[in-house]
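Okay, thanks for coming, everyone. Let me put the structure up and then walk through it.

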Amino acid sequence: MSILVQTDACVGAGQCALVAPDVFDQDDNGIVLLLEPDPEGADLAAATRAVRLCPARAIALSTA
Amino acid sequence: MTIPAECPFHSRSLPGDGTPLAPSPQLAAWREAGAFVPLDFQDGHEGLVATRYEAAVAVLQDPRFSMRPSRMPVGPPAHGEEGKAESAAVPLEAPGELDASGQASDELNLLNLDGDEHAKLRRAVTARFSVRQARAREPWIRTMVAEQIAALRERGPVVDLWRDYAMPISARTHCHVLGIPEHHYERFVALFVEESTAQQKYDFIRALLEERADSPGEDVITDLLQNPELDRVEVEALLRLLMGAGRDSVAYLIATASVALLTNPEQLAILRAEPEQLRPAVEEFMRAGAMFVTLFARTALEDVEIEGTHIPAGTSVSVSPVAANRDPGHWGERPEEFDVTRDAFGHLGFGYGIHGCIGQQVARVEIREAITALLESFPELALVDAEQLTPQPFAHPVAVYEAGTVTVRLEAAA
């Protein structure tokens, strides 16, 4: 499982950095920053939650 | 399904009954009737309101819904029940002339914009509202909250939690993050918490920009002044929205969370025993005590199909965060219960989608620190009375619940 981020779509709500802080951060402009593109275990569970919570659909899980 | 022309079940206007923690039963009836139900808007047009969680989220995330034309969240009919019409008619903004530059700024309200136009202005201010930035503000917020606790003790033993605690915490943080110097605090409150004209607000913003031009800091105003992509009309538009946006919403949440805890002693006991539960509990405060009965209505730019409902192009669609936050289809059994151990992330208390609250990470810190300090400082805190326990008129013309006065006793009576 890999994480895909679309920085163009990000609105800086920060939900991802809040619920999955080991996978996502925000850059100096508040835009999503991917720390761990291939999370495992608890990080994967947290990242999955972040994908569901993102209000701008700017992050996704890819099985490819 | 198609929308029935005549809703056979219920009134088509927004209910004026209900309270923040016990919303009108009509919202639940609407939710049962459909994901979208017909709504008569206050300005006379007809549209829909999304009542279920999945439908609400779908509308707020879908770029096929536009913020134009600008439509205020609908309030109850002006000819409401006896005695209510007059108080419901108090406007948020005093009427008055507005100069040309102010009118140009008003046109650029982020809540009127879509797509790239919106993205450009929103991105100009996201930097100060990240999770990291909110964490960096924690020590300042904690110190300020401690000062407000000291002020409460001085005023006690009986205080109004809204006026004496929640409002100053919200307004002072607002000033701190935006970059409004402390000597303007009283003026800021008079203009943006109490009532003023649009012109008075712009005059304040312009004077402030002059003052801050030579004194940069770690704040939003500095970022805006240093942003080469923004002109002055855009900067003033953003500041007007940001100064008004937290007008009383964080204070409302602090007050309403206090009422929720003081009227649910078993929930209060959980947080007193396990203070670390307060972080996730903030999400439940937001879910169970959401302020917006309906959001600013969107308009479908084309025919849209959502949750089996066909929404024709041009249809005005509002979303009810209060209804969606209690949808049993999403929240499971007992969505009406206030339960601080619930996983309430994903609630619509901050709105949702690209227009969702930009200050939500700072708001989370404010609410958490305010409630933590209140519980730690006053082990015998008790509710005397709260206006919000009985239905209050909406702040016309916006359909939001009001915090009202929240009278508490800080110490047990001697």
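Reading from the N terminus, the order is β-α-β-β-α-β. The radius of gyration of chain A, taken over C-alpha atoms, is 10 Å, close to the 11 Å from the globule rule (2.2 Å times the number of residues to the power 0.38) for 64 residues, so chain A is as compact as a globular protein of that length.

Before I go on, some housekeeping. This is a predicted model, where local features need pLDDT of at least 70 and side-chain atom pairs count only at pLDDT 80 or more, while totals for chains, interfaces and linings use all residues. Residues are numbered from 1 along each chain as its sequence is written, and chains are lettered from A and ligands numbered from 1 in the order in which they are written.

Back to chain A: the C-alpha trace spans about 30 × 20 × 15 Å along its principal axes. Buried residues, meaning 20 or more other C-beta atoms within 10 Å of their own, with C-beta atoms placed from the backbone, make up 39% of the 64 residues.

Now, how many residues of chain A are in contact with chain B? With contact meaning C-beta atoms, placed from the backbone, within 7 Å, 17 residues of chain A meet 17 residues of chain B. On the chain A side, α1 (15-19) and β2 (24-26) each supply at least two residues, and α1(A) gives the largest share, three residues.

Methods. Two residues are in contact if their C-beta atoms, placed from the backbone, lie within 7 Å. Helices (H or I, at least four residues) and strands (E, at least two) are DSSP runs, numbered from the N terminus. A residue is buried if 20 or more other C-beta atoms lie within 10 Å of its own, exposed if 12 or fewer, and partly exposed in between; C-beta atoms are placed from the backbone.
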